[in-house]
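Work through the exercises below with the structure open beside you. Try each task before you read its solution.

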Amino acid sequence: MLLLVLTGSCFVLVWHTLRAQHRLAEVKNDFINNMTHELKTPLATATAAVETLDRFGLQAEPSKARTYLRIARTELRRLADLVDQVLTIAAEERAHLVLHPEVVQPANLVQAAVSRHQLQAGKPVYYRLEMVPDDVIRADRFHLEGAINNLLDNAIKYSTESVTIQVSSRRTAGGWQLTVQDDGIGIAGSDQAAVFDRFFRVPTGNLHPVKGFGLGLYYVRQVAEGHGGRVAVRSALGQGSTFTLWLPAA
Ligand code: ADP
């Protein structure tokens, strides 16, 4: 009996390890595919611009030459930004967020983040804000706003033609809670635990239609945990997602 139990436990352990490794390999492949695509596009565009300049002897036509040079410069700058981003991520691997808590009014932070997104969103976004106007908490203004920004950003990115986002806050036992709810594409149960991991993106085959590096929610979790709080998600495929950020009272 003892031997049977022991063998059984070993099988379960091996199965769990294999599953975890498979998942890790998927995440890594996904990241590499995404990254390769991101790096190759500006390279290809810049190369094409320079080749056109060379092949068609555009030196004699200064205005056209300037256009192609501008394209090449813009694309090379994009490439440099991407490389910078990757290097920063690598450098910050072990770095911890340094927080400077102060008294902030979350309603103002949410309003600022919403205004910023209203300018940028490329689709109709409807907001329902249910924030207590004068409520104050102690938190790092910069990073809390960054976390809110990421949650709104995702709600817009991972939705179809239009999206309704509800942002609400309330006092809870011993803390304060912010909820960001969307009616977007949702996240399958099996992926929910991993969305806060570094580099994790819900696998969608070879290429992602939505750009990103899988760092937004990792950052949100770091901000939450840095304040001694936590972040969680409730979601179902096709039925939207609800992210809850909870911070303890100072
Ligand atoms: P990124 O958006 O750069 O991929 P994030 O860390 O912000 O990285 O999110 C991780 C993954 O979680 C996303 O790739 C996406 O698949 C999923 N996700 C995040 N937010 C939402 C949301 N509001 N609705 C549906 N899926 C989401």
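Contact means heavy atoms within 4.5 Å. The model is predicted, so local features need pLDDT of at least 70, side-chain atom pairs count only at pLDDT 80 or more, and totals for chains, interfaces and linings use all residues. Residues are numbered from 1 along each chain as its sequence is written, and side-chain values use heavy atoms, with hydrogens and water left out.

**Exercise 1. The core**

Task: Find which residues of the largest nonpolar core touch the most other members, then list the contacts of Leu 178.

Solution: 
- Step 1. Buried means under 20% relative accessible area, exposed over 50%, partly exposed in between (1.4 Å probe, protein chains only).
- Step 2. The largest core has 40 residues, and Leu 144, Ile 148, Leu 152, Ile 165, Val 167 and Leu 178 touch the most other members. Helix α4 (residues 141-157) gives this core its largest share, 7 residues.
- Step 3. Set aside neighbours within four places in sequence. Leu 178 then contacts Val 110, Met 131, Ile 148, Val 167, Ser 168, Ser 169, Phe 243, Thr 244 and Leu 245.

**Exercise 2. Strand β4**

Solution: 
- Step 1. Helices (H or I, at least four residues) and strands (E, at least two) are DSSP runs, numbered from the N terminus. Two strands pair if DSSP finds at least two bridges between them.
- Step 2. β4 (residues 163-172) has 7 buried residues out of 10, so the rest of the structure largely encloses it.
- Step 3. β4 and β5 form a hairpin with 2 residues between them. Gly 174 in the turn has a positive phi of about 75°.
- Step 4. Ile 165 is buried, because its relative accessible area is 0%.

**Exercise 3. A histidine**

Task: Is His 117 buried or exposed, and which side chain does its side chain meet in a polar contact?

Solution: 
- Step 1. Locate His 117 in helix α3 (residues 106-120).
- Step 2. Its relative accessible area is 5%, so His 117 is buried.
- Step 3. A polar contact is a pair of N or O atoms within 3.5 Å; within protein, one must be able to donate a hydrogen and the other to accept it, and residues adjacent in sequence count only if both atoms are side-chain atoms. The partner of His 117 is the side chain of Asp 153, at 3.3 Å.

**Exercise 4. The ligand**

Task: Which residues come nearest to the ligand, and how much of the ligand does the protein bury?

Solution: 
- Step 1. A residue is near a molecule or strand if one of its heavy atoms lies within 4 Å of it.
- Step 2. Among 20 residues around the ligand, Asn 154, Tyr 158, Asp 182, Arg 201 and Leu 217 come nearest.
- Step 3. A side-chain N or O atom of Tyr 158 is 2.7 Å from a ligand oxygen. A polar backbone atom of Gly 214 is 3.0 Å from an oxygen of the ligand.
- Step 4. The ligand alone exposes 540 Å², and the protein buries 96% of that. These areas come from the Shrake-Rupley method with a 1.4 Å probe; for residues, only the protein chains shown count as cover.

Note on methods:
A nonpolar core is a set of buried Ala, Val, Leu, Ile, Met, Phe, Trp, Tyr and Cys residues joined through side-chain atoms within 4.5 Å.
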